[in-house]
Amino acid sequence: MLLVTIFAPMVYATANTQSRSDFVGVNSQEELIIHRSETLEVPITLQNIKDYTQTYTLELLSIGDDLSVTGLPLQYTLDPNGLRQVKFSITGDSNAGYASSTLKLNITNDVNLDEYHHIEIDIEIMPQSDLEFGVEGISQFVVDAEVRTNLAVNITNNALLSDEVTYSISTQSSWNWGWTMNQTNGNNALETLSPGQLSYVYFWVDIPSVVDGSPLFETGPRFTLIASSGLDYAKSQWSFDLLMSAYRNISIDYVEENLTLDPNENDRVSITVRNVGNVNNKISIALEAIDDSGQPIANMGLADRVEFDGWTAALFGAKEDIDLLPNQGRTFEVGIQSPNDYSGNFNVRVHIYPIGDISKKNIVDVSADIEWVRNGNLELINEECLELLPGQQCKSEFRITNTGNALDNFEIKVNEIPSFLQFTGSSLSYNLLPNQVITSEEIIVTARQEAFAFENGNIEFQLVLSGSQEVVSEASNTVVIAPQINWSLEELVEEIDAKGRLSIAMTLKNNGNAIDGLVVQLECSHSTQMTFIPPSNAIIEDGVGFPRSFEINDLPLGSNFTIRAWAEIPDDQTSNGTMELYTTVRSRFAPDQPFIFTSSADYLGESWRSDVEENDDYSFTKFTSDVKIIVKSWGFVILAVIISTMILNRSLKDRKQRLEEEALRQSLYKKKNPEQVEDWMGKFEQKSQTEMQVIESPEISSERFENTFKKFAGPTKQASAPVDERLREAAGLVLDVHDKTSVIESADELLEQISNEGIARPIKQNQSLEMKPEETSLTTRNDPNNITNKNQPAVTTVQNSVPLPKKIEDDLDF
């Protein structure tokens, strides 16, 4: 047994308590404020959220030392989804300290004893405040419109401690209000009240004006003054209503235009008035005749009907016994009858005021004139120019009305036309009776062929009176140039390269009138590798190595755009066929009108292609391709050979020229052959006959000799002027004096050296030198007549007037 106990494993047994809180719904306060010796009733609402009946037990877990609870534990049975509010009380100790504590409660049920729910409520024990306003209930004050009303109310701190009170006002009204207090913070006022202190709260409210009958009489908003204690956050409040007093006023909302009458014609002017006061009221209305300067005509009082100088004016629908509600209006008319004259006018002043307050009187003047009214109206009845293409016509049609009082002639003229339109017609003329309405003929304008897209403007038309050219009415027709999509195929190149790919390059030209953009897509009839070669500014999908679509914008008018693409020709097909490559191009302005270009290439199946490759003939196309490849590969070599040939040719020419010049110089400066030792005495023999030998010099053209001379001698220099003889004699005298002085000085130095050193002796080394006999002038051969050399040409003295050429080592020198 001991061994079993030692080697057997030990087993621990524990009881796991499962805590769950999803068996009950609880609604309770999160915070409570309690005072000393105060008992608070705490309500908690329970809900059975299960589908079976449960009996809940509410019990206390913990509470602060200065607090006590009565009424716990509690038990209630609730049916499914049943609600029940349970209550218990908390009492603060009379000597409790002002502090915070937490009330912890626990809820369990009778179904599962392992389930429980904890409730925690924060409790603050605070000193008790006692703020009291001097008035109770809701007060009411009658106020006048547009007057600032100042209010004050007293408040007393009945607590045993000082209280920092915060005042605020609550209202649903938009009336302006403010404080007349020493200390404010935003919309609040602040004040500290000592125990037992009585203070006043001062504030004001701006009463707005009565607008459109509001606020009504004896109505107004409610304001609530709230005093919040800084001890326990308790709030005391006082409410008051501001009621509007009676306010009487009227407004004239509408007055019809003055009358223009034909002779012996009558018409009426409508006037609309409104009760803008806040009480029910009646309106008094009367007429008064006035002159042109607005002054009342003498001996004519206020009345419902006035007559003067053949004119008659009267009120219609202007009874005074009609009671108007606030903001209610009424309309009456002033009728005027003109005399049987062809000119004249009459002015009437209408007096209007609310009964009970004549200070709010309003007046309005109306008049009537007799005149020949020339007027008309021009109205555009069609809009056909909002999408006008270049070269397209636009038609404008009008409705003309003679609003004058006599037969009149009207003309329709084009006053202003945009530069991208042209109008070649003339004005239209019509005769109309009073109030006659007709429809005009069509006025046609044409958009110029060079108009750009989205150009817009208004064609301004005028209705003028014939004769006076007075403009009585104007109308405009808006014109917008629509984009004209016109892309043409300028060039299409299709070729099959050495890689077995069908390459295409198509050049499109924007012949439209808009800076356009293109959306290009590539499709193929076979599943093969294909791609566009989009330009650098094209928009393509990110991460795509072989794009099959791209978009490009802002292609100018008249510009060319080249689309390049390639597709590999299938080489894995079993039979022969044709591959078709479809390039779809859509304009950005007309994406629903694509234009498609089709390129095709024939291919061979695998079995046919192998036979062709074995028996492939050398065609002209392949020869051309090989020539292009050779030119591309050896082009720079051939260019280098050509340049080298040109350089060598130039070098050989220069070398030939130098050899010719060298031969010329050698011929000029060639030495004679050395004299032979012969019987030299025979040279002195006198012969009876002298033979003259002609020396032949090499021949050279004068131009070549001149050019060669200038090349080596350099540019010619101007000969210097001869030296003045007097200056030469003076220079010679100076040189002679210097020579004599130099000789005397040399002699003095030599004599001094002889006296000091003695006579100089020959150097011993001179004895080893070979002695050379000295020739005197008697044995020197002088033969000026060239007697000894009769048979040889005379030696010409060489003059080094022409500089010898420099030695040129490089034959390629230019």
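Author: Let's start with a pair of residues: in strand 36, C394 has V445 as its bridge partner. Strands here are DSSP runs (E, at least two residues), and helices are runs of H or I with at least four, numbered from the N terminus. Before going on, note that this is a predicted model: local features need pLDDT of at least 70, side-chain atom pairs count only at pLDDT 80 or more, and totals for chains, interfaces and linings use all residues. Residues are numbered from 1 along each chain as its sequence is written, and side-chain values use heavy atoms, with hydrogens and water left out.

Reader: How many bridges join strand 30 and strand 36, and in which sense do they pair?

Author: In general, strands of a sheet pair through backbone hydrogen bonds, either parallel or antiparallel. To count as a pair, two strands need at least two DSSP bridges between them. Strand 30 and strand 36 (residues 443–447) have 4 bridges and are antiparallel. They belong to an open sheet of 3 strands, in the order 30-36-33. Strand 30 (393–396) and strand 33 (421–422) each have a single partner strand, so one side of each has no neighbour in the sheet.

Reader: What about strand 45: which strands is it joined to?

Author: Strand 45 (residues 577–587) runs antiparallel to strand 41 (residues 516–524), with 7 bridges.

Reader: Which residues touch the most other members of the largest nonpolar core?

Author: A nonpolar core is a set of buried Ala, Val, Leu, Ile, Met, Phe, Trp, Tyr and Cys residues joined through side-chain atoms within 4.5 Å. Here the largest has 29 residues, and I271, F332, V334, I336, V350 and I352 touch the most other members. Strands supplying at least two residues each include strand 22 (266–275) and strand 26 (329–337). Contact means heavy atoms within 4.5 Å. Beyond its neighbours within four places in sequence, I336 has contacts including L259, W311 and F346.

Reader: Is T272 buried or exposed?

Author: Buried means under 20% relative accessible area, exposed over 50%, and partly exposed in between (1.4 Å probe, protein chains only). T272, in strand 22, has 19% relative accessibility, so T272 counts as buried. Leaving out residues up to four places away in sequence, T272 touches S251, I252, D253, Y254, R330 and T331.
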